[in-house]
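Please keep the sequence and the structure in view while reading.

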Amino acid sequence: MTEAEQEKAPDLNALEQEGEIAADYVEGLLDIADIDGDIDMDVEGDRALVSVVGLKGTELVGPAGEVLEALQELTRLAVHRQTGERSRLMLDVAGYRERRRAELTKLGTEIANQVKERDEPKSLQPMTPFERKIVHDAVAAAGLRSESEGEEPQRYVVVLPA
C-alpha cells in the first residue's frame with residue numbers, strides 16, 4: 001500500500017472505537033426510554049455502522065425517518081465529544097435504512113429510464129444527504145448523471161439527460 005493509499009484508507013481501529021462509543025450512547029438512550037432493542041456494530045466502507053435491531057414499533061424512526069436522522073446527529077455529536085473528530089457514523093433502526101436504500105435505488109433507476117425516454121431533466125423531492133447519494137449512485141449505474149440543487153433541508157436531485 002502506498003503512502004497516499006494509507007492516508008486515504010479509513011482507520012479501522014478509530015471506526016471501531018466510534019462504533020463502540022455510539023453503541024454505548026444509543027444503548028443509554030434506549031434504557032432511558034425503556035425501549036427493548038439490541039445493538040449491532042459494523043464498519044461499512046469508511047464509516048462505522050450501528051444498528052438497533054429487535055424493535056417492535058417505529059417510534060425511533062418517525063415519519064420519513066426524521067426521528068432516526070435526529071438520533072443519528074445526536075449520536076454523532078456524542079462520538080465527536082469523546083473523540084474530538086467529526087463522525088460519519090451511520091445509525092439504522094429496525095432495518096429502515098436498508099429498506100429505504102432499496103426503494104431509492106429502484107426510484108433512481110426508474111427516473112433515469114424516464115429521463116432517457118423523454119430526453120428531459122427530472123427533479124425529485126427534497127431528500128437527506130444519505131438518500132441523495134443512493135439516488136445519484138443508481139442514476140450513474142443507469143448511465144446518466146445527476147446533481148443536487150437547492151439548500152438544506154430542501155436540497156433535491158435533478159437527473160439530467162445524456
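## Basis of the description

Helices (H or I, at least four residues) and strands (E, at least two) are DSSP runs, numbered from the N terminus. The model is predicted: local features need pLDDT of at least 70 and side-chain atom pairs count only at pLDDT 80 or more, while totals for chains, interfaces and linings use all residues. Residues are numbered from 1 along each chain as its sequence is written, and side-chain values use heavy atoms, with hydrogens and water left out.

## Overall fold

The protein has five helices and six strands. Along the sequence they follow the pattern α-α-β-β-α-β-α-β-α-β-β. Taken along the principal axes, the C-alpha atoms fill a box of roughly 50 × 45 × 25 Å.

## Helix packing

Axes here are lines fitted to C-alpha atoms, for helices over the stretch in contact, and angles run from 0 to 180 degrees between N-to-C directions. Helix H2 (residues 12–33) packs against helix H3 (residues 66–83) at an angle of about 125 degrees, and their axes are 9 Å apart. H2 is therefore oblique to H3; angles under 35 degrees count as roughly parallel, over 145 as roughly antiparallel, 65 to 115 as roughly perpendicular and the rest as oblique. H2 passes H3 in a right-handed crossing. A crossing is right-handed if the near helix is turned clockwise from the far one by less than a right angle, and left-handed if anticlockwise.

The axes of H4 and H5 come within 8 Å and cross at roughly 45 degrees. This makes H4 oblique to H5. Their crossing is right-handed.

## The cavity

Rolling a probe the size of a water molecule over the atoms shows where empty space is left. On a 1 Å grid over the protein atoms alone, a cavity is a set of points where a 1.4 Å probe fits but cannot get out, and a pocket is an open set with protein on both sides within 12 Å along at least five of seven lines; lining residues have an atom within 4 Å of a point. Grid points are joined across faces, edges and corners, and a volume is the space filled by probe spheres set on the points.

A search of the whole structure finds one cavity of 30 Å³ or more; the volume of the largest cavity is about 40 Å³. Its lining consists of Ala 64, Gly 65, Glu 69, Tyr 96, Arg 97, Thr 128, Phe 130 and Glu 131. Helix H4 (96–118) and helix H5 (129–141) each supply at least two residues of this lining. By class, the lining has three nonpolar, two polar and three charged residues. Ala, Val, Leu, Ile, Met, Phe, Trp, Tyr, Cys and Pro count as nonpolar, Asp, Glu, Lys and Arg as charged, and the others, Gly among them, as polar. The largest cavity lies between domain 1 (12–94) and domain 2 (98–160), because both give residues to its lining; the domain bounds come from an automatic or database domain assignment.

The largest pocket has a volume of about 690 Å³. Of the 27 residues that line the largest pocket, Met 90, Thr 128, Pro 129, Phe 130 and Glu 131 are the closest to its centre. H5 gives the most to this lining, with six residues. By class, the lining of the largest pocket has nine nonpolar, three polar and 15 charged residues. Domain 1 and domain 2 both contribute to the lining, so the largest pocket also lies between them.

## Backbone features

Most residues other than glycine have a negative phi, and most peptide bonds are trans. Asp 34, in the loop between H2 and strand S1 (38–44), has a positive phi of about 55 degrees although it is not a glycine. The peptide bond from Glu 152 to Pro 153 is cis, with omega near 0 degrees. Pro 153 is found in the loop between strand S5 (145–149) and strand S6 (156–160).
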